[in-house]
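This report describes one protein model for a reader new to structures. Please look at the sequence and the model below before reading on.

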Amino acid sequence: MNNALAISIEELKLSFNEHSCIDIPSLQIKRGETVLLFGENGSGKTTLLKLFSGLLEPDSGKIQVLGRNLGSMTRNEKDHFRADHVGYAFQSLNLIPYLTALENILLPCGFSRRKKQNIGNTGMTGEYEAYQLMAQLKMEDPARLRHKTDKLSKGLQQRIAIARALIGNPELILADEPASAMGSYSQRLVYELLVNYAKTQGATLICISHNKEANQYFDRHLNMKEINKNAETNPLW
């Protein structure tokens with residue numbers, strides 16, 4: 001076990017509908033690295049993030065995340081591990097429409113005692129941290145956090161999803177096209193926030209983006225075409 005690594009992959013393979021879509025012989029990402037993951041549509045970017053988080057299981061191979069072998073965990077253990085250690089900003093957002101923006105941001109603290117304790121260790125409440133994160137994301141009217149998420153713009157919904165991923169100081173942050181619905185200024189703001197937050201907290205950040213302007217903010221760039229042997233032959237799934 002190498003405690004200096006956040007992610008370690010060996011001979012990772014996954015197929016959908018008998019079509020091989022992930023074939024990664026080896027990949028290592030150090031703890032504290034900020035990594036930009038890019039590639040064509042269908043090259044396996046989103047699938048790879050889901051494998052990192054334990055939301056998908058590979059057909060074969062080994063994935064170690066934060067020193068833990070995901071393959072040796074039960075589904076319930078993976079769920080708890082993800083809740084405690086991972087912050088995930090989904091491309092599809094996965095916000096709960098009947099909850100307010102604030103309630104959506106605070107959801108991880110309800111599932112993870114560790115994240116709740118991390119906030120407590122700072123002397124802040126979860127609500128205060130949520131407001132702080134949204135202020136950094138330039139949400140000008142804090143009263144809007146009391147609105148139901150389905151009443152807010154797509155750009156604000158993305159900001160809420162980002163704040164939810166960051167709250168509670170996760171050790172691994174996964175962000176899938178976190179600023180795709182925003183203008184260029186707001187996109188730069190999001191990348192700066194994600195990278196600065198990760199570096200300040202000592203977290204590992206893996207972010208998917210098609211925006212070339214994002215390149216400048218990250219320590220390392222990973223092209224799916226170079227790490228995934230099937231990146232160029234995958235269909236859109």
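A residue counts as buried under 20% relative accessible area, exposed over 50%, and partly exposed in between (1.4 Å probe, protein chains only). The model is a predicted one, in which local features need pLDDT of at least 70, side-chain atom pairs count only at pLDDT 80 or more, and totals for chains, interfaces and linings use all residues. Residues are numbered from 1 along each chain as its sequence is written, and side-chain values use heavy atoms, with hydrogens and water left out.

**Salt bridges**

A salt bridge is a side-chain nitrogen of Lys or Arg within 4 Å of a carboxyl oxygen of Asp or Glu. By this rule the count is 9.

| Pair | N to O distance |
|---|---|
| R82 and D79 | 2.6 Å |
| E127 and R146 | 2.7 Å |
| E213 and R188 | 3.3 Å |

Helices (H or I, at least four residues) and strands (E, at least two) are DSSP runs, numbered from the N terminus. R82 and D79 both belong to helix α2 and are 3 residues apart, about one turn of the helix. R82 is buried at 15% relative accessibility, whereas D79 is partly exposed at 31%.

The salt bridge between E127 and R146 links distant parts of the chain, with E127 in helix α5 and R146 in the loop between α5 and α6, 19 residues apart. E127 is partly exposed at 33%, and R146 is partly exposed at 47%.

Elsewhere, salt bridges that share partners join R31, R114 and E171 into one network.

H85 is in helix α2 (residues 75-85) and is buried, at 17% relative accessible area. Its side chain makes a polar contact (a pair of N or O atoms within 3.5 Å; within protein, one must be able to donate a hydrogen and the other to accept it, and residues adjacent in sequence count only if both atoms are side-chain atoms) with the side chain of E171, at 2.5 Å. Contact means heavy atoms within 4.5 Å. Leaving aside neighbours within four places in sequence, H85 is in contact with L66, R114, P170, E171 and L172.

L66 sits in the loop between β4 (60-65) and β5 (68-69) and is buried at 10% relative accessibility. Most residues other than glycine have a negative phi. L66, which is not a glycine, has a positive phi of about 55 degrees. E11 also has a positive phi, near 50 degrees; E11 is in strand β1 (residues 5-16) and is partly exposed at 47%.

**Helix α3**

In helix α3 (residues 101-111), the residues A101, L102, N104, I105, P108 and C109 are buried. The buried residues of α3 pack against α4 (113-121), α5 (126-136) and α6.
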